[in-house]
Amino acid sequence: MSLTAVIHEQPAVPQPRQHGKPGGFLHRANVFTGLIGGIGLAVITYAVGSKLVPWGTQDADFQQVGLNALIFATLSAWVIGFMIGIGAFAGPIRWMLGHDLTHEDAEYMAGKGQGHMKYWKYTTDHKVVGMQYLIMALVLFALGGFFAMLIRTELGVTWKEVFDPNFYNSLIGTHGIVMIIAMIIVVAGPLGNFIMPLMIGARDMAFPRLNALSFWLLFAAVPPLAANLLLGGIRDGWTVYQPLGTQAPIGMLGYQVCIITFAFSTGIAGVNLITTIVTMRARGMTWNRVPIFVIGTLAAAIMGLVWFPMFQYSQILAASDRIIDTSFFIPQGGGSVWLYENLFWLLGHPEVYVIVIPVTGALLELMTVFLRKPLFSYKMAIAGFAGVVGISAVVWVHHMYMTGFAPSAGYPFMLSTELISIPFGFLVLVMLGTIWRGKVWTRLPMMAVYAMIWCKIVGGITGVYLSDVPVDQYMHGSMFVVAHFHFMLMGAGLFGAMGAIVYWFPKMTGRMFDERIGSIGFWTAFFAFQLTFMSMFVAGLQGMPRRVLQFDNAFNISNWVSTIGAYLIGAGMLIFLYAMITSWRHGKPATSNPWGAKTLDWQTQTPVPLENFPILPVVTSDPYGYGVPDPYLKVEEELARDDNETVGAR
Amino acid sequence: MSIDSQTPIDEPEVPTNRPEPTHRMKEWLSRPYVRRILLIFVILNIVIVPIAWLVVHFMELSGGPASSIMVELEKTVFVFTIVSAPLMAITASILIYSLLGWGRVTGEEPPMQESPAIRTNGIAVVAWVSATSLLATFLVIWGLMELATITSYAYGSTPANQQPNATKAIDVNVTGQQWLWTFEYPDQGKIESDVLVVPINTPLYFNVTSKDVVHNFWIVELGVKIDANPGAITNTGVTPDKLGTFNIRCAELCGLHHAYMETKIEVVTQDQFDSWLREQGGKRTI
Amino acid sequence: MSTPTSPVLYPTTGEPVEVNARRNRLGVWLCIASDATGTVALLIAYSYLWSLNVNDGWAPPKGAWAPAWPFWAIVSGLVLGTITMWWGVKGISKGHISRLIAAALLSTLLVLAAFLGQIIQLSTFPFGPADGAYASATQWLALATALHLAVVLFLTLAIIGRTRAGRIAPDNHSHARFVAMWMTWVCVAAILGALFATVMTDSPNTNSPSFGTFQE
């Protein structure tokens, strides 16, 4: 509820009473106290709880009665304890007592005067939160990528089982959810937080304390997920269909606690992003002068905010089925598998747009800079985002064509799924129109646009097949689907995000990204990606199901090729990461606007000062004032003159 | 107002200084970059045809198509690839040409030269929206009609089957469980089998359920797929029209040994089917 | 509202409180929207299971549907508390600070009664969580209401605290209004839950297949 702003003319505003030092007990609270709080409360909960569990009795799944409740309580206690330890509850308690933040409190919480410690604390400055999200995304990608290498090893070693089925199934499930979370946060987190407020000319986001809260909730959500591998694994894919999930070992509770927490984090972040964009744009930044990246972030935040509770409840009710034996998804008791599938996919589909839309917005934004051209048809881009947000709400059943839950639902949802390609196509039109006749400055961020559009083309055609119910009768549940979504989420999503991060790297870190080494890594990964997943399409077309660790010999060759490609992807990504780390540490210091961009974010100093702008800017035009008059207009004038002469003077 | 016979009557009164549309079109087509992009576009469209063939070829590698449903599916994949080609080709041609023909710039500093400030182009927008909408409409209509067709193939009610001596469908109860398939022939003496043996050119009607978790019943080369849900019975059908042994796989992760939940479908002649039935202890009652 | 002399400024940033209030109001609406989707998820669960009656498992054993009156008693307490809070908001907007404190206090007591009533209802349902789909869905609707009520309790107590500390004043009372808005939403959610659980009882589907077999 407070805005962390330093207005240089010190306002003569009566301050509330300063309770303690500025910042209060947040002087002592940081991630380490958070860990102590989380682990401490979890241990206490486990100790107390295990006295209450009637050990010695087993239920039908051969699990200790009450064990599910105990582990769920322990993992939840970790989350709550961590949030207590890091000082998240200070805000609500102070609010309740009326001990509002003073100016100094707010500055302290924004990290003033704390040097590098601010990254380890509940810091509200959007730039700090953006960096924290970036590191978290890198960690999650490293984790998910490592699992991917293991998965491909199993699939490449076709002559025996490298891992036992339980571990392999857990690998694919954990890989999936870790990557999904990483992709959701990779653009909206670092760039939506760090860059977007700069781009709209604001000093911070609308709710700075909620900003910190959303990051640390994400931080708290990750250990339960990672712990699942020690607790038996989540061996039911990232979708965890019920009632299969109820048979899983207790590691499944780690998944559920993670998602429930992550949903809160995402919802809060969504509230923050939307309110910031709607209410805090600089003077003069009317809606038709808003940079397109901001629009993309807004569209994704709206979808995430509205639909995430569906996913959250699917996991709450699934945990309830496990712990207290309710029958939401257990057919013997009246539950329905279709209920789970519907709740899941109601988020599951908009979620892929939550991943792809911010990347698209970011690339649309940076294209104009590297082509020195205005964005082609800004209005079509808006229409594209709006159309995708709207229609994405009514396509989810295309993930359920084969479930038999409503055979006639195939017709209307096939229609809506085809229709959504039209607004999506508007975005491609804007990209092509911007590229048209542009002189390409071939730096890595721009080249990432090419990578992204190519992958979108392939993902698009293959999506057309899958959207057709009859064709889905062959393709659903096969490796074809896996290759399709990797082309969309990783090919278009991740490679695009990498380009966006390279673009904003100078502003966020103050150094230029080493594009020589970075490009080697990028293109190695990109071409290896084509190898891996084109080969996977072949496996799918041949009839290989997904989520299998052993398969017919007919699929061996495709899998060997995919595995070799995957190792090369890993190598490429490591090279890229190496470039990122060395650039961060020893890269060439960046000027404040190395790309010559016209958006407000590049008009700040580097490093960006705490208050972002000494004086808040006033905007008089959109940020696409690049380009020179079209030379072909002269040709048209000559033609017109010729025409007029033949027609007769008027 | 001009009374010149060359001027159409609905031209605006105030003369504009834009040349006539046909002139503009001709001029635009004569620009070198437009010609080259169109050339690349044509080449890419041609290239898509063998790719479409290749895609279908991969689907047929294990012996299919073995039913009219699968034939429909393959036809659709082929057609969809071909009709999507123009849009994909124009996108790719613009991307390719942009790296070749409009002047690339390298270097550390932002480029000095700037590009033409084209903020919009009505014709391009209209053309693109029309083309994508047309494509989407085609895909939808084809898809809807095709869905109706294969639904009728599945349930044996196409006009071709509605003959006085139309073959009655054989009911098969399919039960999925962790981690095997069981087939029961209720009308053929209630025999059970773990391999699906069926006679050629006879409609099959499947009742599918599960005893535990969600599985998916996939007869690969016949293009049949439906979830096996616990607590519900789902239905589908097909008429196999090719002799041979084909694959049934589980296409929904169902636990530890999901990868091994496979069996075979054997499409045999009527006589072979009858003798198989007798061996199993049942008999043909329809 | 604000006196004509100078606008009230928010201490932390120096902005006029109206600017801050507008921003916060959008945030509250967005929170309501998100919570609404979650409530809809529960209502979808309830109605979908009701319509399917999988394996004849919808109805509770011995037809022991939850009695209707506790739902409506809890809702009444909540609605009364909400109306009281709105009355308090109106009061402070006219300058009567003590009216808001009184309203918040009364509201707290009413909501507390509703909350306790909800806990009692949860522990005295004629069925347990393992007694079928209706039992599961109804108990979760009740549990969701209980959680909502707990949050509301925190909010009404906070209004008391803040008003007494002077943070809520006649020319700066947006927070009280937001709490009243949130309470109104919680009323809607609770009413919907009560309606579903008391009206949609017997399932319309009377011939669902038996689990694991092909019999109906």
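This briefing describes selected helices, loops and domains in chains A, B and C of a predicted model.

Because the model is predicted, local features need pLDDT of at least 70 and side-chain atom pairs count only at pLDDT 80 or more, while totals for chains, interfaces and linings use all residues. Residues are numbered from 1 along each chain as its sequence is written, chains are lettered from A and ligands numbered from 1 in the order in which they are written, and side-chain values use heavy atoms, with hydrogens and water left out.

**Helix packing in chain A**

- Helices here are DSSP runs of H or I with at least four residues, strands are runs of E with at least two, and both are numbered from the N terminus.
- Helix α2 (residues 67-86) and helix α11 (residues 292-324) of chain A have axes that come within 7 Å and cross at roughly 135°, where axes are lines fitted to C-alpha atoms, for helices over the stretch in contact, and angles run from 0 to 180 degrees between N-to-C directions.
- The helices α2(A) and α11(A) are therefore oblique to each other, given that angles under 35 degrees count as roughly parallel, over 145 as roughly antiparallel, 65 to 115 as roughly perpendicular and the rest as oblique.
- In this pair, A:Asn68, A:Ala69 and A:Phe72 of α2(A) meet A:Ala319, A:Arg322 and A:Ile323 of α11(A), contact meaning heavy atoms within 4.5 Å.
- The axes of α11(A) and helix α13 (residues 378-391) of chain A come within 10 Å and cross at roughly 10°, which makes α11(A) roughly parallel to α13(A).
- Residues of α11(A) that include A:Ile292, A:Ile295 and A:Gly296 meet residues of α13(A) that include A:Tyr378, A:Ala381 and A:Phe385.

**Loops in chain A**

- A:Phe551 lies in the loop between α18 (515-542) and α19 (556-586) of chain A, and A:Phe551 is buried with a relative accessible area of 14%, where buried means under 20%, exposed over 50% and partly exposed in between, with a 1.4 Å probe and protein chains only.
- Although A:Phe551 and A:Leu155 are 396 residues apart along the chain, their C-alpha atoms are separated by 8.8 Å.
- A:Arg547 is also found in the loop between α18 and α19 of chain A; its phi is near 60°, a positive value in a residue other than glycine, and A:Arg547 counts as buried at 13% relative accessibility.
- A:Asp325, in the loop between α11 and α12 (337-371) of chain A, has a positive phi near 65° and counts as partly exposed at 47% relative accessibility.
- The peptide bond from A:Thr606 to A:Pro607 is cis, with omega near -5°.

**Chain B**

- Chain B has five helices and 11 strands, and buried residues make up 48% of its 286 residues.
- An automatic or database domain assignment gives domain 1 (21-102 + 121-154) and domain 2 (160-280) of chain B, whose C-alpha centres lie 36 Å apart.
- A cis peptide bond with omega about 0° joins B:Gln178 and B:Trp179, and B:Trp179 lies in the loop between β2 (170-177) and β3 (180-185) of chain B.

**Helix α3 of chain C**

- Helix α3 (residues 97-123) of chain C has 27 residues and reaches 39 Å from its first C-alpha to its last, close to the 39 Å expected, the expected span being 1.5 Å times one less than the number of residues.
- Among the buried residues of α3(C) are C:Leu100, C:Ala104 and C:Val111, and what covers the buried residues includes α2 (69-93), α4 (133-164) and α5 (174-199) of chain C.
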